[in-house]
Amino acid sequence: MELPLVVGVDGSEPSMRAVEWAADEAALHGVPLRLVYASLWERYEGAALAEGLGRSSEQVLADNIVEAAAKRAHRRAPDLKITTVVLPDDAVSALLGEGRHACALVIGSRGRSGIAERLLGSVSLAVAARAHCPVIVLRGGHDNRRTPRTYQRIVLGVGEEPGSTAAVRFAFAEATARYATLQAVRAWRSPTHPSTAHALPAGEPAPHPEQQAAETLEAALSDAAAAHPSVPVRRRTVEGPAHQVLLDASATADLLVLGAQRRRGHAGLQLGRVAHAALHHSACPVAVVPQWT
């Protein structure tokens with residue numbers, strides 16, 4: 001069975017914008033769209049409803065929200081297969097559960113204006129840091145990216161983690177679906193003190209940090225690039241802090257793709273510092289792709 005693209009809805013305008021973005025994304029990849037609304041009304045009012053007191057206002061609200069979201073998605077992509085569900089759970093638990101049977105999750109921020117729109121909501125952060133599937137977060141300031149192909153450029157951040165293949169594969173798949181250029185970026189810094197961790201033969205110069213960055217970049221991309229020869233790839237090594245380098249690159253990108261290491265059996269938030277900064281400050285939507293170890 002084809003896994004759906006899941007988007008969380010809560011009735012707010014940011015979540016409805018996320019529905020539109022997700023409808024475009026699902027249509028690009030040819031996958032179904034699933035709209036999820038989480039509400040605890042059933043947990044607290046289920047017994048009363050069972051005694052014949054009728055539908056609660058919370059149930060009516062939930063049904064109205066998913067119906068409005070489905071209509072908005074249908075207007076965006078008329079041929080898209082759309083399903084809806086109202087789950088009796090908190091938003092984080094509901095989305096994490098849905099993410100176990102999804103190709104990806106899409107979440108919009110609850111910020112409405114000004115500073116609030118530039119901050120990441122707690123639900124978005126918790127889901128991005130714990131989900132089993134890729135999570136794409138759209139904040140309020142991403143209104144200028146309301147279609148997945150504004151710039152036709154995907155930015156992939158390549159870090160030091162050796163297991164970043166999931167993020168690389170995801171980035172190439174996105175570039176393929178959008179007929180976009182993939183820009184792979186690796187940040188590097190000049191060391192304050194020479195490292196002696198790896199002794200070199202006498203007289204052999206230590207590789208320059210930029211050269212090391214280029215080699216890391218090439219090693220990360222080689223297999224996926226060979227599998228997707230039609231995707232134009234630009235490789236960039238940039239001196240500077242990784243989070244700032246990627247935030248700068250996000251200014252003219254449709255999507256910023258980052259990997260996140262996940263350790264099985266670890267229940268806490270598993271999100272690196274670079275991904276955390278990108279989720280809070282990126283100029284474009286951010287995809288956090290888990291790499292399980």
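L247 touches A277, A278, H281 and S282, leaving aside residues up to four places away in sequence; contact means heavy atoms within 4.5 Å. L247 sits in helix α9 (residues 242–249). Helices (H or I, at least four residues) and strands (E, at least two) are DSSP runs numbered from the N terminus. The C-alpha atoms of L247 and A283 are separated by 7.0 Å, although these residues are 36 residues apart along the chain.

The model is predicted: local features need pLDDT of at least 70 and side-chain atom pairs count only at pLDDT 80 or more, while totals for chains, interfaces and linings use all residues. Residues are numbered from 1 along each chain as its sequence is written, and side-chain values use heavy atoms, with hydrogens and water left out.

Two residues and their burial are listed here; buried means under 20% relative accessible area, exposed over 50%, and partly exposed in between (1.4 Å probe, protein chains only).

| Residue | Relative accessibility |
|---|---|
| L247 | L247: 14%, buried |
| R72 | R72: 16%, buried |

R72 belongs to helix α3 (residues 57–76). Its side chain makes a polar contact with the side chain of E13 at 2.6 Å. A polar contact is a pair of N or O atoms within 3.5 Å; within protein, one must be able to donate a hydrogen and the other to accept it, and residues adjacent in sequence count only if both atoms are side-chain atoms.

Helix α1 (residues 13–29) packs with helix α7 (residues 165–178) at an angle of about 85°, and their axes are 9 Å apart. Axes are lines fitted to C-alpha atoms, for helices over the stretch in contact, and angles run from 0 to 180 degrees between N-to-C directions. The two helices α1 and α7 are therefore roughly perpendicular, a term for angles of 65 to 115 degrees. On the α1 side W21, E25, L28 and H29 take part, and they meet A173, E174, A177 and R178 in α7.

In helix α4 (residues 91–99), the buried residues are V92, A94, L95, L96, E98 and G99. These buried residues pack against β1 (5–8), β2 (33–38), β3 (82–87), β4 (104–108) and α6 (122–130).

Overall, the protein has 10 helices and 10 strands. Of its 293 residues, 47% count as buried.

Terms used
Angles under 35 degrees count as roughly parallel, over 145 as roughly antiparallel, 65 to 115 as roughly perpendicular and the rest as oblique.
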